Amino acid sequence: MKKAFALVLVSVFFLASLAFSAEYWASKNSNKYHYPNCRYAQKIKPSNLVKFNSPEQAIKAGYVPCKVCKPPISSKVEDNEPDISM
């Protein structure tokens, strides 16, 4: 039981670290940006690889999100709670 809990805990920390260290890939020969694990990102030659730290950087450079892996268009967390201020 302790091993299963430890494995879950390590997995959670690993996934959280990926979320906070997001990276997006694009090709010099394309107008799309991708998650690094996207099947199309995996085909980008190292000499054509362009890396971004945020979707905003990719968009500012003229790239649009891939329709397959669907990376975000904003790195901001949306607040979905209704505004109840008066």
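Biologist: Which order do the strands of the open sheet have, and what is the pairing?

Modeller: In this predicted model, the four strands of the open sheet are ordered E3-E1-E2-E4, and the pairing is mixed.

Biologist: Why are E3 and strand E4 (64-65) said to stand at the edges?

Modeller: E3 and E4 each have a single partner strand, so one side of each is left without a neighbour in the sheet.

Biologist: How do you know that E1 and E3 pair?

Modeller: Pairing requires at least two bridges between the strands. Four bridges join E1 to E3, and the two run antiparallel. With four bridges against a required two, E1 and E3 therefore count as paired. Tryptophan 25, for instance, has lysine 51 in E3 as its bridge partner.

Biologist: Why is tyrosine 24 called buried?

Modeller: Buried means under 20% relative accessible area. Tyrosine 24 has 5% relative accessibility, so tyrosine 24 counts as buried. Tyrosine 33 is buried as well.

Biologist: What makes the pair of tyrosine 24 and tyrosine 35 tilted?

Modeller: The centres of tyrosine 24 and tyrosine 35 are 5.8 Å apart, with 40 degrees between the planes. Stacked needs under 30 degrees and edge-to-face over 60, so an angle of 40 degrees is tilted. Tyrosine 24 lies in strand E1 and tyrosine 35 in the loop between E2 and E3, so this pair ties together parts eleven residues apart in sequence. Ring pairs link Tyr24, Tyr33 and Tyr35 into a cluster.

Biologist: Which residues make up the largest nonpolar core?

Modeller: Tyr24, Ala26, Tyr33, Val50, Phe52, Ala58 and Tyr63, seven residues in total. A separate second core has six residues, among them Trp25, Ile44, Cys66 and Cys69.

Biologist: What does alanine 58 touch, leaving out residues up to four places away in sequence?

Modeller: Alanine 58 touches Tyr33, Phe52 and Tyr63.

Biologist: Why is asparagine 48 called buried?

Modeller: The limit is under 20%, and asparagine 48 has a relative accessible area of 17%, so asparagine 48 is buried. Asparagine 48 is placed in the loop between strand E2 (32-34) and E3. Not counting residues up to four places away in sequence, asparagine 48 touches Ala26, Ser27, Lys28 and Asn29.

Biologist: What share of the protein's residues counts as buried?

Modeller: Of its 86 residues, 22%. The protein exposes about 7200 Å², with carbon and sulfur atoms supplying 62% of that area.

How values were computed: Residues numbered from 1 in each chain as written. Predicted model: local features only at pLDDT ≥ 70, side-chain atom pairs only at ≥ 80, totals over all residues. Heavy atoms only, no water. Core = buried A, V, L, I, M, F, W, Y, C linked by side-chain atoms within 4.5 Å. Buried < 20%, exposed > 50% of the residue type's maximum accessible area, 1.4 Å probe, protein only. Contact = heavy atoms within 4.5 Å. Areas by Shrake-Rupley, 256 points an atom, 1.4 Å probe, with all protein chains shown as cover. Phe/Tyr/Trp six-rings, centres within 6.5 Å; stacked < 30°, edge-to-face > 60°.
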